[in-house]
Amino acid sequence: MVFRGIITDAPDFDPSTDAETLYNAMKGMGSDKEAILDLVSSRSNVQRQEIIAAYKCNFGQDLIEDLKYELTGKFERLIVSLMRTPAYHDAKEINDAVKGAGTNEKVLIEVMASRNNQQIQDMVAAYKDAYGSDIEEDIIADTSGHFKKTLIVLLQGTRDESGVVDADLVEQDAQDLYAAGEEQWGTDEAKFIMILGNRSKTHLHMVFDAYEKIGETTIEDSIKNELSGDFERLMLAVVQCIRNVPMFYAKRLYKSMKGLGTADNTLIRIMISRSEIDMLDIRECFRLLYEKSLYNMIKDDTSGDYKRTLLNLCGGDDDLAGEFFPEAAQIAYKMWETSAMTKVQLRPTLRPAHDFDPAADAQALRKAMKGFGTDEDTIIDIIAQRSNAQRQEIRQTFKSLMGRDLMKDLKSELSKNLERLIIGLMLTPAEFDAKMMKKAMEGAGTDEHALIEILVTRSSEQILAMNVAYQAGYTKSMEEAINSDTSGLFCRILVSLAQGAREEDPANEERANADAQELADACNADSDDMENKFMSILCTRSFPHLRRVFQEFVRYSNKDIEQIIKKEMSGDVKNAFYAIVRSVKNQPSYFADRLYKAMKGLGTDDRALIRIMVSRSEIDLFNIRKEFKETHDVSLHEFIQVETMIGDTSGDYRKTLQLLCGGED
């Protein structure tokens, strides 16, 4: 195994000298924290154990206890954790996760999914020694169901590590996993547990490739579709660690620092446990995923001696480097290759209602709005649980039976965000998109993000229908509106997308190589030529073709396309190209990010929230939900519950959004 850690054995190491340095740093009034952090964070774990022994031998005191006494807060937790052996550190993390009233499932998942056999066996022994109890019994007492079963399987530390692969067994396992999930009604969870919990990493890499050929989807997407809750999250973590442990940790580190507040325990645990193993790879994966160095994210998110110690463990700022390390370039290439090969099964949250009766629905809606007061619950329960095609039937039937315009009645009876949401649901998709485009361009300012989101994510057929609806509703063409409200290259990008002429062919390998070479060459041209070349390819080629183009771009440039866009472009042009790339790579993930940004922080962008929930509910909102949970560690349902409370005193707006969301993850 090749270790690519930051912390290595210090040269000319003398444990007695180091012990004396630490003793002097803590004696008297106050303590020399700088001396402590510089020494502790520049010694390997093995060397730290020698320092602990020398300290007790020379001074008759327990070094860890002295550090606990002298230091405080997060800095103390970090330094003391560095002084423990990896096995005892893991054991403490597991004990902290299961003791007391609640269970920290995220810690159990992270540790159990990412450790090899020897690490797990050492942790089990350390747990018994430190706490006098059996780790398996404690986990059994604190967890349940398939989640518990999988943890116990992993806890045995018996995964095949021989590296020997049986081609016949690879095919059999891929078939068994497909049969256990996608191919049948219900899921055979035991088959997932047995295969993913015991087979070797080399074997499972080949199983995942075979699975994609059989099911035309990734094993991750199948797990998201077939499993749920902590069991789903554990299985996804196992798969991610089989594929790429540094990538798994890069995502965990990002989640620990993004948004308000820092998950310091997670940050400390990962920085310590990986500092001598694969921190260099984690850093590269982090930069690849988030276009920002781990070093700078830690620097921006932490402070004081705590920050300095973490930065020592991180080891360097990758934003100062231009190109990828070879390993990271290979990861980027593989990510685009997987994206190109995968056929994602899009799943809505809203489907046509069974036993649909448009006349009964029309009469119920009329009754809900007749007389004094309005029965919002009835309106919501009907409109938010019918497909758009069914709503159009209700709309027509309402006029036939009552001689009234349902849309006008709803507008007169409802108000604020609930009215905007319900009316949005009653429009056809083309009418709704046209209205959203109009709203984004009317008034003093322009909502460029909305224009980008709509035009980038709609199919050619949807854009053509939107153009017709815009002309009919607003007596001018959508292109004219775009030209009058935007300018420059950004305007030209929007006009290009608004033609609804994006190719829909599969990838052409020869042409993809040529396009990738042209994009790579354009990166060396002046900014105008580069942006024009990007527009000519990114705005016209099919998404499957662009996946291949972006994959080959890594090979030609040793950079990722997202990296180039963020570094070399700016403003609305950058945002438009970046949205195209994000949508090509993973459109549900793009929408999950848009939803998160619409709700986080002070105030909610209700127009963006309504636009996405309405437009995606019958297409891929289930996929978006899963991406939201995986990226932000909170379900979309729960996030809506919390973020829409202010200003929605009745809860009707929130209830409607949650019905569209379709359930808690």
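Visitor: Why is helix H7 (residues 105-114) described as largely enclosed by the rest of the structure?

Guide: In this predicted model, local features need pLDDT of at least 70, side-chain atom pairs count only at pLDDT 80 or more, and totals for chains, interfaces and linings use all residues. Residues are numbered from 1 along each chain as its sequence is written, and side-chain values use heavy atoms, with hydrogens and water left out. A residue is buried when its relative accessible area is under 20% (exposed is over 50%, partly exposed in between; 1.4 Å probe, protein chains only). Eight of the 10 residues of H7 are buried, so the helix is largely enclosed.

Visitor: Which residues of H7 are buried, and what covers them?

Guide: The buried residues of H7 are Val107, Leu108, Ile109, Glu110, Val111, Met112, Ala113 and Ser114. Their cover includes helices H6 (86-98), H8 (117-131), H10 (145-155), H15 (229-243), H16 (245-257) and H17 (264-274).

Visitor: What makes H26 roughly parallel to H37?

Guide: The axes of H26 (residues 416-426) and H37 (residues 606-616) come within 10 Å and cross at roughly 30 degrees. Angles under 35 degrees count as roughly parallel, over 145 as roughly antiparallel, 65 to 115 as roughly perpendicular and the rest as oblique; H26 is therefore roughly parallel to H37. The crossing is right-handed, a term for a near helix turned clockwise from the far one by less than a right angle.

Visitor: Which residues of H26 and H37 meet?

Guide: From H26, Asn417, Arg420, Leu421, Gly424 and Leu425 meet Asp606, Ile610 and Val614 of H37, where contact means heavy atoms within 4.5 Å. By class, this contact has four nonpolar, two polar and two charged residues.

Visitor: How do you know that H28 is also roughly parallel to H37?

Guide: H28 (residues 448-457) packs with H37 at an angle of about 15 degrees, their axes 11 Å apart. That angle makes H28 roughly parallel to H37. Ala450, Glu453, Ile454 and Thr457 of H28 make the contact with Arg611, Ile612 and Arg616 of H37. These residues divide into three nonpolar, one polar and three charged.

Visitor: Why does the radius of gyration of the chain agree with a compact globule?

Guide: The radius is taken over C-alpha atoms, and the globule rule is 2.2 Å times the number of residues to the power 0.38. For 665 residues a compact globule would have a radius near 26 Å, and the chain has 28 Å, which agrees. Buried residues make up 52% of the chain.

Definitions and conventions. Axes are lines fitted to C-alpha atoms, for helices over the stretch in contact, and angles run from 0 to 180 degrees between N-to-C directions. Helices (H or I, at least four residues) and strands (E, at least two) are DSSP runs, numbered from the N terminus. Ala, Val, Leu, Ile, Met, Phe, Trp, Tyr, Cys and Pro count as nonpolar, Asp, Glu, Lys and Arg as charged, and the others, Gly among them, as polar.
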